[in-house]
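Reader: Please put the model up, and I will ask about its helices, contacts and surface in turn.

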Amino acid sequence: PTVYIPIIRQYLLQTDGGGNLSILSSSCEMKNKFETFVSAVATLYARMIVGDGLQSLLQELKARKHGLGQDCNTLVDNGNSSSSFLPYRVNPIPSTSQLMNTPVTKDTV
């Protein structure tokens, strides 16, 4: 999903997209939150591209501990955690996702 990050970031910054250009002049903390949001959207977008339905994604989110109110970082495929070395975290993409079941060969990379 990381290939979608620059495209999603640019879309969210454009006035005819998300209109979030003011983020660039915000605090470092706000920029980090924006980047986490962009990465979470990239993960969800990648899953939808490979066929994971929006309904099943919403149900999956709703079933999590904090439901739809959870932190965006829990959705990020590459998860940022500086609290420990090689932290364990639950994979945000379940093994039933089409993204995890799509074969990768040298011709598709």
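Reader: How many helices and strands does the secondary structure of the chain come to?
Author: This is a predicted model, in which local features need pLDDT of at least 70 and side-chain atom pairs count only at pLDDT 80 or more, while totals for chains, interfaces and linings use all residues. Residues are numbered from 1 along each chain as its sequence is written, and side-chain values use heavy atoms, with hydrogens and water left out. Helices (H or I, at least four residues) and strands (E, at least two) are DSSP runs, numbered from the N terminus. From that end the elements run α-α-α-α, and the total is 4 helices and 0 strands.

Reader: What percentage of the residues of the chain count as buried?
Author: Buried means under 20% relative accessible area, exposed over 50%, and partly exposed in between, with a 1.4 Å probe and protein chains only. The chain has 109 residues, and the buried share is 23%.

Reader: What share of the contacts with a separation of 6 or more comes from residues 24 or more positions apart?
Author: A contact means heavy atoms within 4.5 Å. Among contacts in the chain with a separation of 6 or more, residues 24 or more positions apart account for 51%.

Reader: Which residue forms a salt bridge with Arg9?
Author: Arg9 is found in helix H1, residues 5-13, and is partly exposed because its relative accessible area is 24%. Beyond four places in sequence, Arg9 touches Phe34, Glu35 and Val38. A salt bridge is a side-chain nitrogen of Lys or Arg within 4 Å of a carboxyl oxygen of Asp or Glu. At 2.9 Å, N to O, the partner of Arg9 in such a bridge is Glu35.

Reader: Which helix holds Glu35, and how many residues apart are Arg9 and Glu35?
Author: Glu35 has 28% relative accessibility, so Glu35 counts as partly exposed. The salt bridge between Arg9 and Glu35 has an N to O distance of 2.9 Å. The pair links distant parts of the chain, with Arg9 in helix H1 and Glu35 in helix H2, 26 residues apart.

Reader: Which residues do salt bridges that share partners join into one network?
Author: The structure holds 5 salt bridges. Glu60 and Arg47 meet in one of 2.9 Å, N to O, a pair that links helix H3 to helix H2 across 13 residues. Arg64 also forms a salt bridge with Glu60, the closest N and O atoms being 3.4 Å apart. The network of bridges with shared partners is made up of Arg47, Asp52, Glu60 and Arg64.

Reader: Is Arg47 buried or exposed?
Author: Arg47 pairs with Glu60 in a salt bridge, and Ser97 is in contact with Arg47 and Asp52, leaving aside neighbours of Ser97 within four places in sequence. The relative accessibility of Arg47 is 4%, so Arg47 counts as buried.

Reader: Where is Ser97, and what is its relative accessible area?
Author: Ser97 has its place in the loop between H3 and H4. Ser97 is buried because its relative accessible area is 1%.

Reader: Why is the pair of Tyr4 and Tyr45 called edge-to-face?
Author: Rings of Phe, Tyr and Trp (its six-membered ring) pair if their centres lie within 6.5 Å; planes under 30 degrees apart count as stacked, over 60 as edge-to-face and the rest as tilted. A search of the whole structure finds 1 aromatic pair. The centres of the Tyr4 and Tyr45 rings are 5.2 Å apart and their planes stand at 85°, so the pair is edge-to-face.

Reader: Which element gives the largest share of the nonpolar patch?
Author: Patches are made of residues with over 30% relative accessible area and no salt bridge, where like charges are joined within 9 Å and nonpolar side chains (Val, Leu, Ile, Met, Phe, Trp, Tyr) within 5 Å. Accessible areas come from the Shrake-Rupley method with a 1.4 Å probe; for residues, only the protein chains shown count as cover. Tyr45, Met48, Ile49, Leu54, Leu58 and Leu68 make a nonpolar surface patch of about 580 Å². With 3 residues, the largest share comes from H2.

Reader: Which side chain has a polar contact of 3.1 Å with that of Gln70?
Author: Gln70 lies in the loop between H3 and helix H4 (98-101), and at 15% relative accessibility it counts as buried. A polar contact is a pair of N or O atoms within 3.5 Å; within protein, one must be able to donate a hydrogen and the other to accept it, and residues adjacent in sequence count only if both atoms are side-chain atoms. The backbone oxygen of Gly67 lies 3.4 Å from a polar atom of the Gln70 side chain. The side chain joined to that of Gln70 at 3.1 Å belongs to Thr74.
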